[in-house]
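Here is a briefing for someone meeting this structure for the first time.

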Amino acid sequence: MYDLDLWALVPSPTTIDYGDGDPVMVPAGALAGTIAQLHARTPSPIVICHVETGALELTLPDARKFPGYNADPTKIPDYPAAPAPNTVAGNPAPGSVIGWHVVTGTKRWLDIREASRAKVVPIMFKRFDLAKQIGCDGVDPDRNQVFQFTSGFSPTGFDSYSWYGEVAKQGHARKLSTGMKNGHTLPDQPDMEADKFDWLMVERCGEDQLCDLTRPFINLMKAVLAIDYDHDITTGAPQSSIVVCNQQGLAMIADGIVKDALLTSKVRMQCIP
């Protein structure tokens, strides 16, 4: 199985039609042709397309469709202590679904609250249509744990659970294999919704000693795909691949790896349960 960025995989210039007379043109990606190349192998691997569904990278082709977008990201209200180049501090503008920064000023949390969902769903899940169109076998929907962060919108735990459920429903409506991404860090999320997803992908569960939270998926005989990294997320210090692999093994995770944070080919260690 390969998990690759949706936008990088677009094979040729493609139009996303929103039915409003204002389509979005998506250029060919840096990995154009890769899906066809992978599917031509014997045996044919599964290609999972990574797409952020709880956050918005403001430089993506469809970003302008989300209410609150501004071509100048410094004019979109952000967290008062946000780093440069953000210059406007404050709550999201009325009607905006674009919240505060995730890591940098060009990636923002989205408003996933049920009350705002009608403004997000028709735009966001055109991305799943694109995934289906270009040949993705499934989707890895990321950044949905908005509840845990200061997004500017203050979603409730219920908003979080229902948003995860919406993501699963939208993926399956398009016959895409749909995984839960990092939902193990939300209280009771895997227990409540493991039945809605096809698999679980978790990052740094060995480092954070949270791998045991994946058991609801394991108990349902669903795959848990664990990724730990060779450097600590907080300090950047090297960490033992053996230690994090042991944590994965104690939780009975059968498919885990250790990678470098940049996801290059230089580091890849398979964790053997």
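## The chain as a whole

Among the contacts in the protein chain that link residues at least 6 apart in sequence, 62% join residues at least 24 apart. The model is predicted, and its secondary structure comes to 9 helices and 13 strands.

**Overall dimensions and surface**

- For 273 residues a compact globule would have a radius of gyration near 19 Å, and the protein chain agrees with this because its own value is 19 Å.
- The C-alpha trace of the protein chain spans about 50 × 45 × 35 Å when it is taken along its principal axes.
- Of the 273 residues in the protein chain, 50% are buried.
- The protein chain exposes about 12700 Å², and carbon and sulfur atoms supply 57% of that area.

**The open sheet**

- An open sheet with mixed pairing is formed by 8 strands, which follow the order S1-S4-S8-S9-S10-S11-S12-S13.
- Strand S1 (2–5) and strand S13 (268–271) stand at the edges of this sheet, and because each has a single partner strand, one side of each is left without a neighbour in the sheet.
- From one strand to the next, the twist averages 25 degrees.

**Strand S10 and its two partners**

- Strand S10 (residues 199–203) runs parallel to strand S11 (residues 223–229), and 5 bridges join the two.
- Within that pairing, the bridge partner of Trp199 in S11 is Ala223, while the bridge partner of Leu200 in S11 is Val224.
- Strand S9 (residues 177–181) also pairs with S10 in the parallel sense, over 3 bridges, and here Gly179 stands opposite Trp199 in S10.
- S10 is largely enclosed by the rest of the structure, because 4 of its 5 residues are buried.

**Helix H3 and Arg117**

- The buried residues of H3 are Arg117, Val120, Val121, Ile123 and Met124.
- The cover over these buried residues of H3 includes strand S4 (47–52), S5, strand S7 (107–110), helix H4 (126–134) and helix H5 (157–173).
- Arg117 is found in helix H3 (residues 117–124), and at 9% relative accessibility Arg117 counts as buried, because the cut-off for that term is under 20%.
- A polar atom of the side chain of Arg117 lies 3.3 Å from the backbone oxygen of Asp159.
- When neighbours within four places in sequence are left aside, Arg117 is in contact with Ile112, Pro122, Asp159, Ser162, Trp163 and Glu166.

**Leu56 in strand S5**

- Leu56 is found in strand S5 (residues 55–57), which is also among the elements that cover the buried residues of H3.
- Leu56 is itself buried, with a relative accessible area of 0%.
- Not counting residues up to four places away in sequence, Leu56 touches Ala63, Phe66, Ile98, Thr106, Lys107, Arg108, Leu110 and Arg127.
- Leu56 and Val97 are 41 residues apart in sequence, and from C-alpha to C-alpha they are 9.8 Å apart in space.

Methods:
Residues numbered from 1 in each chain as written. Predicted model: local features only at pLDDT ≥ 70, side-chain atom pairs only at ≥ 80, totals over all residues. Heavy atoms only, no water. Buried < 20%, exposed > 50% of the residue type's maximum accessible area, 1.4 Å probe, protein only. Contact = heavy atoms within 4.5 Å. Polar contact = N/O pair within 3.5 Å; in protein donor to acceptor, adjacent residues only side chain to side chain. Pairing = 2+ DSSP bridges. Axes fitted to C-alpha atoms, helices over the stretch in contact; angles between N-to-C directions. Rg over C-alpha atoms; globule rule 2.2 N^0.38 Å. Areas by Shrake-Rupley, 256 points an atom, 1.4 Å probe, with all protein chains shown as cover.
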